[in-house]
Amino acid sequence: MTRSSIWGTGLLGAPVLMLLFVFLVLPYGDMIAMSFRTPANGAPYGDAWTVANYFRAVGDPFYLGVLGYTLAVGTLIAVLTLMLSYPIALHLARVGDRWHVLFYICVVSPLLIGVLVRNFGWMIVLSFSGPLNQMLLGLGLIQQPLRLLFNLPVVVLALVHVFLPFMVLPITNALRNIDPALEEASNSLGATPWETFCRVTLPLSLPGVLAGVTLVFALAMSAFVTPALLGGQNVVLMPTIIIQQLIGAFAWPFGAALAMVLSLAMLAEIGLLTLTMRRLTRRIGRWS
Amino acid sequence: MAHLEIAGLRKAYKSSQVIAGIDLSVASGEFFTLLGPSGCGKTTTLRCVAGFIAPDAGDIRVGGASVLAMPPARRDFGVVFQNYALFPHLTVAENVGYGLRSRRVPRDDMARRVGEALDMVQLSELKDRLPRELSGGQQQRVALARAIVIQPRLLLLDEPLANLDARLRQDLRWLIRKVQQAQGATAIYVTHDHAEAMAISDRIAVMRQGRIAQVGTPRDIYQRPVDEYVAAFTGECNTLVVRVTFKGDGGRYRVAVADTELPVGGPLDLSVGADCRLLVRPESLALAEAGAAALPVRLDSQIYTGAGQRCEVLTADGQRLVFQVPVRRQLAPGDALALAIDPDQAWLMKSAP
């Protein structure tokens, strides 16, 4: 590459680099700095430096418990989304051109609705006197309206629903990139369709699975609005606690430390996942 | 006994008839080639045999039994694809062993057979590489080993050399032939390259628009094609419009070209007075020795090609012929020449209806 073309590409990337710097690097830097400050009255933080916030964040069993719970819920959501998405992606990767667009619209439809509208929708549908309860009562399946809101399953359901496209699209893409001749080759060599799926299709789609799982896990771990609206007081996840610290208690340094701990835990799990998947892609389909 | 029989095979996509009725029989151990331009239905025919496509009508029998109801996995055919279709996440040895593993072959038996197959294609050193670390030629050799290691009832090859450069094509052509003969496999080979088809095949079927134009040995279809299409598709050819003036025994004829009469060969069913096409391959034309029966022509142009000079000449009635002349002969456009046609190499064909 010539000198001038490096400058040319650099220039093209400049706006996005600026954007990332101003809205990602600077705030993150500020937050890291803040997490090492002492608390203060009448100001976001004091002048002195301390590591006490981190000792409290990882030393207090309550916060550790919430962190573990959040990781578990994030993992559960990622796994459920994957299980629902893979068959959809398999189908989507095979449909012809005419239906293609329609299926894609169906898959991305949760993203076409704003987060508040979507959650209020869930609240209306699932409320004590809402349509779902009315229908179940009308059919005689229940005698009393059910309490459907403000519990973990509803939060998980709503999050899986909205995260579906983030899983379906990368997996579909990976499946579409598999040469159809590979499946024919596998068939002609005597492998049944199920064997072909396990030994060829699945391993070759794992990069897409990894991308989808990473996205959904990160999104689930940092979701705030849906757990707050649909989970209420009964579902306490890390983002809720952090917001409480920042906005409720005005403990900015401690809130920042909790946010850093959450980010690091998330990074660690994603890193672990990437490593295991990389070994898996090479290994699956091998003679054991 | 015929090993593979194809009877009345038809396949249409929407309105276009891709295969419009094909009947073939291939003997056990034979190397049989489907030759034709793209879109003639040769690959579709092969894919019907492999079981990737279900034909609309007709039957495919192997060893006397129809295979149409069998899924590809149960047909026991080895397929070599144009784009190799190696499993990218498996090593060379794992690719070759894939079919054996599906057949639940015991592990040490499998390792031995994979080793033998890789020896046969001279790739033993590379058995732990991944496909992306191999050249195109090496990949296709792996694909060949993967197809033969299962000792298939049929070896199906779909333009396996089309993505390789000319030198590699030559080498791999011989390797495919050698492996096929060593295994005694019955092979169906699809190609659009007539030179490849000639060199490798026991018999060739030349296809046109979903039908078979001619089936025969390479010698048959090259020297005794049924029509101009087959003649043109099997190599460089000159065709002259001629009239039969005399019919002898055993397919010997005399024909009139412009004002000259020539002795030629042809099929048995032509009659005196018929308008025909005379096939003269460039290599069966030469400048005439004095006194021999010859066709007077005028030189139109000549190009130096290294091994010779490629000359285009015109007959008295304006028909064009191409042939090679040794370089030492000095020629200039406009020269009057006498052409000798080797009567054993010239072949009469019916005019297109």
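A salt bridge is a side-chain nitrogen of Lys or Arg within 4 Å of a carboxyl oxygen of Asp or Glu, and the count of such bridges between chain A and chain B is two. This is a predicted model, in which local features need pLDDT of at least 70 and side-chain atom pairs count only at pLDDT 80 or more, while totals for chains, interfaces and linings use all residues. Residues are numbered from 1 along each chain as its sequence is written, chains are lettered from A and ligands numbered from 1 in the order in which they are written, and side-chain values use heavy atoms, with hydrogens and water left out.

We can begin with chain A by itself. Its secondary structure comes to 12 helices and zero strands, where helices (H or I, at least four residues) and strands (E, at least two) are DSSP runs numbered from the N terminus. Taken along the principal axes, the C-alpha atoms of chain A fill a box of roughly 75 × 75 × 40 Å.

Two of these helices show how such elements meet. Helix α4 (residues 97–108) of chain A packs against helix α7 (residues 152–176) of chain A at an angle of about 145 degrees, and their axes are 9 Å apart; the axes are lines fitted to C-alpha atoms, for helices over the stretch in contact, and angles run from 0 to 180 degrees between N-to-C directions. On the α4(A) side the contact (heavy atoms within 4.5 Å) is made by His100(A), Tyr104(A), Val107(A) and Val108(A), and on the α7(A) side by Pro165(A), Val168(A), Leu169(A), Thr172(A) and Arg176(A). By class, this contact has six nonpolar, two polar and one charged residues, given that Ala, Val, Leu, Ile, Met, Phe, Trp, Tyr, Cys and Pro count as nonpolar, Asp, Glu, Lys and Arg as charged, and the others, Gly among them, as polar.

Next comes the meeting of the two chains, where 24 residues of chain A are in contact with 28 residues of chain B. The chains bury about 2,400 Å² between them, 58% of it on carbon and sulfur atoms; buried area is the accessible area (1.4 Å probe) that two parts lose on being put together, summed over both. In one salt bridge, the side chains of Arg104(B) and Glu195(A) meet at 3.4 Å, N to O. On the side of chain A that touches chain B, α8 (180–188), α9 (193–221) and α12 (252–283) of chain A each supply at least two residues, and the largest share, seven residues, comes from α8(A).
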